[in-house]
Amino acid sequence: MAINKPSSGRKKMGELLIEHGIITREQLDEALDVQRHSEELIGRIMVNLGFLNELDVLKMYALQLGVPFVDLSRMRIMPVIAKSLPPHIAQKHKVIPISKDKQRIVLAMANPLNVFAIDEIQLSTGLTVTPVLAHEEQLLLAVHANYGVDESTQRAIESLHQMGIDANSIEAIEDELDEDERAAKELVDDSPIVRLVNAIITQAIDARASDIHIEPLREELRVRYRIDGVLQVAMTPPKRIQPALLSRIKVLADLNIAEKRVPQDGRINLLVNGKEYDFRVSTYPTQNGEKIVMRILDKSSVMIGLNRLGFSTEVQKNYESLIHSPVGLLLVTGPTGSGKTTTLYSVLNQLNSVDTHILTVEDPVEYMLEGINQIQVNPKANVNFANTLRSFLRNDPDIIMVGEIRDRDTAEIAIQAALTGHLVLSTLHTNDAPSAVTRLIDMGIEPFLVASSLIGSLAQRLTRVLCPECKEPYKPTEVELGKLNIPVEEGRNLTFYRPVGCEFCRDTGYRGRIGIFELLSVDDQFRDLIVGKTSSVTLRETAIKTGMETLPQDATKKIIQGITSVEEALRVVYVS
C-alpha cells in the first residue's frame with residue numbers, strides 16, 4: 001500500500017515548527033500552557049494565538065506524515081483526471097485525484113492516513129494511490145466543483161467552520177436583507193461565502209469562460225460556465241446558500257440587494273491572478289428566485305489584432321483596406337455572441353493613434369480603451385444612439401463607432417456622418433453580409449443613401465477550434481462531403497479531424513474559438529444594384545460572382561485545414 005504511515009519516533013508538531021524557524025521556544029511554551037487547560041490540538045492553539053497561520057500547520061503536518069502538501073487554490077484540476085474517480089467515491093471520502101499515470105494516482109486528501117479510502121480507491125481504479133495533504137476547505141470546494149454534492153458533502157460544507165455556512169445563518173440572511181439592508185450587507189461581506197464566490201469567479205477565468213450563469217432551480221442552485229460558446233455545468237451548490245451567494249454578487253456589483261422583483265444591471269471590477277477583469281452583471285427574477293449572469297470582460301481579448309481573429313490572407317487584406325478608408329459606413333453583422341464586438345474593438349485598437357479622434361457610443365461600454373472617447377447609452381438621461389450621434393458630429397471626430405444600428409433615426413444619422421467625411425463603424429443583426437443592404441432599406445433608408453455611404457459589410461460567426469493535443473485524423477464520409485458540397489472524388493484525398501478530449505482541453509475536444517467570415521466590398525456595380533432596389537437574393541448572387549467568399553466556404557476551408565470539425569462548422573454555419 002502506497003502510504004507513509006507515521007512512525008512512533010516522528011517529531012512533534014511544536015519541535016518541527018521551531019526547527020523551521022516558524023515559532024520560538026517561548027511561543028511553544030505559551031501554547032503548551034494553554035493546551036493544559038484545553039482539548040484543542042497544539043497547531044490550532046498556535047493559530048488562535050496568532051503565532052502562525054493554518055498553511056504553516058498543514059505544511060508541518062505533511063512533514064510529520066511524510067507526504068507532500070498541495071495548495072489546491074493554485075492548482076487547476078483537469079476534468080479528465082477528476083473523472084478517473086467515480087463521483088460517489090470522491091464525495092464519500094472527500095478526496096480528489098490531481099494527477100495520474102498508468103500505474104499511479106495522486107490523491108489529495110484532508111487525512112492521508114484514511115486507509116479505508118485508499119483501499120477502496122485502489123480497488124476501484126486498479127491504480128496505486130499516492131496520498132498528498134490538502135486544506136479541507138479547498139478540498140471540499142474542489143470536490144464540489146468537479147462532482148457536485150451529495151448529502152454528506154452538503155452537510156460538511158454547511159458545518160465547515162472556515163466556510164461559516166450553517167443552517168441558521170443561511171436561513172436568517174434573507175430576513176435580515178428585508179429588515180436592515182445595511183446589516184445584511186455587512187453579514188454578506190463578512191461571511192466566508194466570499195470564498196465561494198471567489199472560487200466560482202477564479203475557476204471560470206481558469207476555464208476561459210465568457211459567462212457565468214448562477215441559476216436557482218427548484219431543488220438546487222446551479223452554476224454554469226459558457227466555455228467556447230457552449231454552456232457547461234461547473235457546480236451545484238446547496239440550495240440553502242442561494243440568498244447569501246446572490247446577495248454577495250449583488251453587493252460587489254453595487255446593486256440593490258433588497259430588490260428581488262425587477263431586473264438589475266451592474267458592473268464589477270476585480271483583480272484576479274494579477275490581471276484586471278470587468279464583469280457585467282445582470283439579474284432577473286424567476287419562479288425559483290433571482291438568476292444572475294456575469295459576462296467576463298478581458299481587455300486583452302480585444303487587443304489580439306486582426307491577424308489572430310481567423311481571417312484568410314485575402315479577406316484580411318481587403319478588410320484592412322476598408323478600415324483605413326477616410327469616409328464611409330462599414331458594418332459587422334451576425335447574431336448575438338458571434339464576436340462582432342471583439343472585431344470592432346480590434347479595429348479600433350488598430351486605428352487608435354494620437355492624430356486620430358475616435359468617438360464611440362455603446363450599450364453598454366464593454367471595454368475601456370485608452371485614448372478613445374467612449375459614451376454609455378443612458379435612456380433615463382435621454383442619452384441614446386441617435387442623440388449621441390448628433391452631438392458627435394459637432395465634436396470634430398475622425399472615426400465614429402456605434403454599438404448597434406437599431407432603428408431608423410440611428411441609421412439616418414450614421415449614414416449622414418459617413419457622407420460628411422467620417423468613417424463610421426457599427427453592427428447589424430443579419431444572416432449574411434449582403435443582407436445588411438436590405439436591412440437598412442427595410443428600416444426606411446433610401447436606397448441611394450445606402451449606396452452612397454456603405455463601403456463594406458462583414459458577416460461573421462464563431463466556431464470552436466479543435467484541440468491541437470488530441471484531435472484525431474480520419475477520412476471524411478460521403479455524407480459529410482455532400483453536406484459541404486465537396487465532390488466525392490476530390491474528397492477522397494482529404495483528411496478531416498474530429499474531437500477526442502484530453503487534459504489540455506478539459507475533455508471537450510476543443511480549445512478556443514476562431515472566426516468564420518464573409519466580406520462584401522461595395523463597388524460601383526454593387527451600388528447600381530442597390531439604387532435599382534435589387535432583391536437580396538440577386539445581391540448575394542452578384543457578390544458571389546464577383547469573388548465574395550461565403551460563410552459556408554470559409555467554414556469548409558477551416559475544416560480542410562484541420563482547424564475545426566464538420567459537426568462544429570455545421571452547428572454555427574448553415575452549409576447549403
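Predicted model: local features only at pLDDT ≥ 70, side-chain atom pairs only at ≥ 80, totals over all residues.

Residues are numbered from 1 along each chain as its sequence is written, and side-chain values use heavy atoms, with hydrogens and water left out.

**Stop 1: the second largest pocket**

Select A142, A145, N146, A199 and Q203. Of the 36 lining residues, these are the closest to the centre of the second largest pocket. A pocket here is an open set of points on a 1 Å grid over the protein atoms alone, where a 1.4 Å probe fits, with protein on both sides within 12 Å along at least five of seven lines; lining residues have an atom within 4 Å of a point. The space inside is about 1100 Å³, a volume filled by probe spheres set on the grid points, which are joined across faces, edges and corners.

Now colour the elements around it. α5 (79–82), α8 (136–147), α12 (193–206), β6 and β7 (230–235) each supply at least two lining residues. Helices (H or I, at least four residues) and strands (E, at least two) are DSSP runs, numbered from the N terminus. Which element gives the most to the lining? It is α8, with 7 residues. By class, the lining holds 17 nonpolar, 11 polar and 8 charged residues. Ala, Val, Leu, Ile, Met, Phe, Trp, Tyr, Cys and Pro count as nonpolar, Asp, Glu, Lys and Arg as charged, and the others, Gly among them, as polar.

**Stop 2: L217**

Go to L217, in the loop between β5 (209–216) and β6 (221–227). L217 is partly exposed, at 26% relative accessible area (buried is under 20%, exposed over 50%, partly exposed in between; 1.4 Å probe, protein chains only). Leaving aside neighbours within four places in sequence, L217 contacts R222, K239 and N288 (contact: heavy atoms within 4.5 Å).

**Stop 3: salt bridges**

Side chains of opposite charge can pair when their charged atoms come close. The whole structure has 23 salt bridges, each a side-chain nitrogen of Lys or Arg within 4 Å of a carboxyl oxygen of Asp or Glu.

Select K250 and E290. Their side chains meet in a salt bridge, 2.8 Å from N to O. K250 sits in helix α13 (residues 242–252) and E290 in strand β10 (residues 289–297), so the pair ties together parts 40 residues apart in sequence. Buried or exposed? K250 is buried at 2%, and E290 is buried at 7%.

Next, pick D363 and R406. The closest N and O atoms of this salt bridge are 3.2 Å apart. R406 also meets E404 in a salt bridge, at 3.3 Å. Finally, show E215, R222, R224 and K291, which salt bridges with shared partners join into one network.

**Stop 4: backbone features**

Stay at D363. A cis peptide bond joins D363 and P364, with omega about -5 degrees. Then jump to N382, in the loop between β13 (373–376) and α16 (385–392). Phi of N382 is near 60 degrees, a positive value in a residue other than glycine. End at K533, in the loop between α22 (524–531) and α23 (536–545). K533 is not a glycine either, yet has a positive phi of about 55 degrees. K533 is exposed, at 62%.
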